[in-house]
Amino acid sequence: MRFIVAGGGTGGHIYPALAIAGGLKERYPGAEILYIGTSKGMEADIIPKEGLPFKGIEATGLQRKLTLRNFITIWQACRGLCQARGMIRSWRPDVVIGTGGYVCGPVILAAALNRIPTLIHEQNALPGLTNRLLARFATTVAVTFSASEKYFPRQKKIRLTGLPVRPEVLQAEKQEALSNLGIGNGRFVLLSFGGSRGARTINKAMVRVIKLFASDPRIYILHVTGTTGYEEFLSDCAAVGIDTAKAENFRVMSYVYNMQDALAAADLVVSRSGAATLAELTTLGIPAILVPYPYAAENHQEYNARALEKEGAARVVLDSRLDGDMLGDMVADLLVDRGRLSAMALASLKLGRKQALADIINCVDELIQSPGRQ
């Protein structure tokens with residue numbers, strides 16, 4: 001078997017593509033996989049380190065107004081399409097899979113023109129423009145949120161699969177995680193983070209939260225500042241009299257390498273609402289207070305967060321409205337209202353899809369068995 005996997009621009013497109021590539025190798029021993037991305041994107045650095053053959057093409061996004069830049073983009077897209085068609089004819093894949101990003105446009109379109117079965121995977125509740133356009137050409141559209149289905153034409157193409165979650169996250173156990181983190185049993189564990197680089201708004205609010213709950217024996221706070229916000233966070237803590245060196249019930253980290261333990265230990269999470277984060281939270285059934293990143297493309301993080309809020313799995317606070325007192329009150333409410341917390345946890349778990357990767361690979365298998373289906 002031969003496959004092409006394409007996705008790029010952000011980790012939210014690259015890491016699901018890597019998970020799918022791994023699933024293909026497991027399902028089809030000896031399968032050959034070519035990864036196509038943009039020559040200058042993150043994927044050009046990440047993918048070769050993962051041991052997959054990589055080829056880059058030209059691809060950029062259109063601006064949503066008439067500009068000279070769009071004429072250059074269209075020229076690049078045509079060139080990228082020619083490059084993708086050449087790679088597809090040379091590699092001769094059985095199925096082509098796209099996980100998002102501008103690169104998927106020429107790759108999926110080239111595959112469709114060559115009558116090769118295609119699958120695109122949409123991570124967000126509000127699909128990106130590229131995937132909404134490609135859905136007209138793709139054979140199958142796999143989605144993470146049921147809320148996204150209405151944005152795609154031809155509903156019979158759609159499969160609700162969820163988003164693949166890292167195996168180490170699925171396998172982590174709460175008691176072992178608490179032991180690994182040095183947290184005593186019986187404490188309510190609050191985990192807060194804003195991504196690898198952090199989120200300044202969350203960091204600012206968490207200073208007040210830590211101040212409110214300092215030395216409270218009921219709660220233990222794990223706060224991950226992100227690599228760029230660590231020193232500022234420590235300075236902000238010192239300014240309000242918090243001595244992080246003598247912390248009794250909280251820990252501040254710039255980055256957490258064993259995130260699987262942090263998630264397994266958590267009773268409540270405060271975070272952004274990227275698709276990968278929400279997939280992990282719902283798979284584990286963790287209630288959340290979500291603060292969508294306000295500058296995400298097409299505001300898709302708010303759509304993601306609202307999808308969980310609608311089902312009772314999370315509370316949503318817009319970045320512009322978040323402050324420490326508000327966040328502290330929300331945490332305090334859930335700390336004492338364990339019934340509501342349990343209901344949120346159950347609602348979150350119902351949304352989780354532990355078999356997401358297997359379901360996506362099953363979709364690929366359907367395409368292999370019925371390669372002419374369009």
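This is a predicted model: local features need pLDDT of at least 70, side-chain atom pairs count only at pLDDT 80 or more; totals for chains, interfaces and linings use all residues.
Arg-166 is partly exposed, with a relative accessible area of 35%, and lies in the loop between β7 and α6 (167–171). Show its surroundings: leaving aside neighbours within four places in sequence, Arg-166 is in contact with Met-259 and Glu-280.

Next, colour the annotated positions. The unreviewed UniProt entry lists Arg-166 under "binding site", together with Thr-10, Gly-11, Gly-12, Asn-124, Ser-196 and Gln-301.

Now move to a sheet. Select β8, β9, β10, β11, β12 and β13. These 6 strands form an open sheet with parallel pairing, in the order β10-β9-β8-β11-β12-β13. At the edges are β10 (250–253) and β13 (314–316), each of which pairs on one side only. Direction ignored, neighbouring strands of the sheet are turned by 15 degrees against each other on average.

Within this sheet, pick out residues 268–271 and 288–290. They are strands β11 and β12, which pair in the parallel sense over 3 bridges.

Then go to Val-189, found in strand β8 (residues 188–193). Is Val-189 buried or exposed? With a relative accessible area of 1%, Val-189 falls under the 20% cut-off and is therefore buried. Beyond four places in sequence, the contacts of Val-189 are Leu-178, Ile-183, Tyr-220, Leu-222, Ala-265, Ala-266, Asp-267 and Leu-268. Draw a distance from Val-189 to one of these, Ala-266: the two C-alpha atoms are separated by 5.0 Å, although the residues are 77 apart along the chain.

Finish at residues 356–369, helix α15. The helix has 14 residues and reaches 20 Å from its first C-alpha to its last, close to the 20 Å expected at 1.5 Å a residue. Show the side chains of its buried residues: Ala-356, Ile-360, Ile-361, Cys-363, Val-364, Leu-367 and Ile-368. They are on the same side of α15, because they cover an arc of only 145 degrees around the axis. What do the buried residues of α15 pack against? Select the strands β1 (2–6), β4 (95–98), β5 (118–122), β6 (140–143) and β7 (158–160), along with helix α1 (11–27), to display these packing partners.

Notes: Residues are numbered from 1 along each chain as its sequence is written. Side-chain values use heavy atoms; hydrogens and water are left out. Helices (H or I, at least four residues) and strands (E, at least two) are DSSP runs, numbered from the N terminus. Buried means under 20% relative accessible area, exposed over 50%, partly exposed in between (1.4 Å probe, protein chains only). Contact means heavy atoms within 4.5 Å. The expected span of a helix is 1.5 Å times one less than its number of residues. The arc is that of the directions from the helix axis to the C-beta atoms. UniProt positions are given in the numbering used here, feature names are shortened, and annotations may be inferred rather than shown by experiment. Two strands pair if DSSP finds at least two bridges between them. Axes are lines fitted to C-alpha atoms, for helices over the stretch in contact, and angles run from 0 to 180 degrees between N-to-C directions.
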